[in-house]
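The following paragraphs guide the reader through one part of a protein model. Please keep the sequence and the structure in view while reading.

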Amino acid sequence: MSQDCVQSHCYSVRFGSPTTATGVLMNTHRNFLTPGGTPSPTTPWFFTSEMWLAQPSQANYWVEMGIVEGWHMNLNTTVYADFAWWRNTAGADSGWMYLRYNIPDGTTHYYQVSRGPAWGTWLIMLDSNVVLTTGNTGFWTGQPQVGGECYCSSTNEHADTFDMYTKYVDSSGTVRNYSAAGYSVHAGMNGVDHGTYWSWNAP
């Protein structure tokens, strides 16, 4: 990866056209993610392959879900896991919410964020099972986004190719495909829009 990614966030992301989605769905496979270097408490590198639901006009309003390989502060080691993360109305991050520890075995799994029981809350679903409910995030509609995020060292970063099939839920509860409104693909990352899915990697 290029020096543009050193000690900063890099992305390969497709932004969806709808901005009033009430949920997002994704299926993808558990491939290799390597943040590189030596992750530690002082260099907590991570690599994710994930989806977001966000308020384009409010950068602090978002919920995200997917796969991460990175440093786990409590376990004091690097983990590969399904995760969720969101920001609440007070501007506080939930932090890493580890849903299930895994290995990059190439199997396909299903991720979903849907409206929760109270306004501003979201259901986090893994393989069709609700695994947790967020607190009040301050929004209940947003823009679907999908791709990879890297907070990496400058040594041996790598991500296999992830094919990410995503849909959104409209205001009537109908699940729909969506077209792209734009992209953010930083140096050192690749991304290809295939229409029904986004494909990305980091060589």
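Strands are DSSP runs of E with at least two residues, numbered from the N terminus, and two strands pair if DSSP finds at least two bridges between them. This is a predicted model, in which local features need pLDDT of at least 70 and side-chain atom pairs count only at pLDDT 80 or more, while totals for chains, interfaces and linings use all residues. Residues are numbered from 1 along each chain as its sequence is written, and side-chain values use heavy atoms, with hydrogens and water left out.

The account begins with strand β12, which covers residues 158-169 and pairs with strand β2 (residues 23-29) in the antiparallel sense through 5 bridges. Within this pairing, Lys-167 of β12 lies opposite Leu-25. Strand β3, formed by residues 33-34, also runs antiparallel to β12 and is joined to it by 2 bridges; here Leu-33 has Ala-159 as its bridge partner.

Strand β16 (residues 197-202) is a further antiparallel partner of β12, with 5 bridges between them. Trp-198 in β16 is found opposite Met-164.

Strand β13, residues 175-176, pairs with β12 over 2 bridges, again in the antiparallel sense, and its Arg-176 stands opposite Tyr-168. β12 and β13 form a hairpin with 5 residues between them, and Gly-173 in the turn has a positive phi of about 90 degrees.

Attention now turns to the cysteines. A disulfide, defined as a pair of cysteine sulfur atoms within 2.5 Å, links Cys-150 and Cys-152, with an S to S distance of 1.7 Å. A search of the whole structure finds 1 disulfide. Cys-150 and Cys-152 are both buried, that is, under 20% relative accessible area with a 1.4 Å probe and protein chains only, where exposed means over 50% and partly exposed lies in between.

Definitions and conventions: Helices (H or I, at least four residues) and strands (E, at least two) are DSSP runs, numbered from the N terminus.
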